[in-house]
Amino acid sequence: MEKSTDTSLYLRVSEQDKDALEQLYDRYEKILFSFLYKMLEDRGLAEEALQEVFIKIWRGKGVYDESKGKFSSWLFRMAQNTAIDLIRKRKNLLFQLKRQVKWLATMNQLNNK
């Protein structure tokens, strides 16, 4: 049986072919996870980013154009951008939590006077 190309699998995924998505996932899951883990240094975040990448592919977020380069390059760029988005969300959440803790500490001090 001839091995499907990344591009042919991607095109099938764009037509909602679950088997094609599974094949792409099986083909790239380990190396993408490793790439994301090195970027994020957090297993849970790397798993979340990996899942998000394949959800984006399934939903058609971001379009691969074969004339602009290899599918794997596009996929790794999508993974990198997804990881950066998760880092930004996490930093924003931490900033908000720090503000809330500071506000609560101030309120606690005022109540204790």
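Welcome! Of the 113 residues in this protein chain, 27% count as buried. The model you have open is a predicted one, so keep that in mind as you look around.

**Stop 1: the whole chain**

Show the protein chain as a cartoon. You will find 4 helices and 0 strands, and reading along the sequence gives the pattern α-α-α-α. The radius of gyration is 20 Å, well over the 13 Å that the globule rule gives for 113 residues, so the protein chain is more spread out than a compact globule. Turn the view to line up with the principal axes, and the C-alpha atoms fill a box of roughly 80 × 25 × 25 Å.

**Stop 2: surface, charges and contacts**

**Stop 3: helix 1**

Select residues 6-14, which make up helix 1. Which residues of helix 1 are buried? They are Asp-6, Thr-7, Leu-9, Tyr-10 and Val-13. Look down the axis of helix 1: its buried residues fall within an arc of 160 degrees, so they line one face of the helix.

**Stop 4: Gln-16**

Move on to Gln-16, which follows helix 1 and sits in the loop between helix 1 and helix 2 (18-40). What is there to see in its backbone? Gln-16 has a positive phi of about 65 degrees, although it is not a glycine. Most residues other than glycine have a negative phi. Is Gln-16 buried or partly exposed? With a relative accessibility of 42%, Gln-16 counts as partly exposed, because that value lies between the 20% and 50% cut-offs.

**Stop 5: Glu-41**

Finally, select Glu-41, found in the loop between helix 2 and helix 3 (43-59). Glu-41 is not a glycine either, yet its phi is positive, about 55 degrees. Is Glu-41 buried or exposed? Its relative accessibility is 67%, so Glu-41 counts as exposed, the cut-off for that label being over 50%.

**Before you leave**

Notes. Residues are numbered from 1 along each chain as its sequence is written. This is a predicted model: local features need pLDDT of at least 70, side-chain atom pairs count only at pLDDT 80 or more; totals for chains, interfaces and linings use all residues. Side-chain values use heavy atoms; hydrogens and water are left out. Helices (H or I, at least four residues) and strands (E, at least two) are DSSP runs, numbered from the N terminus. The radius of gyration is taken over C-alpha atoms; the globule rule is 2.2 Å times the number of residues to the power 0.38. Buried means under 20% relative accessible area, exposed over 50%, partly exposed in between (1.4 Å probe, protein chains only). The arc is that of the directions from the helix axis to the C-beta atoms.
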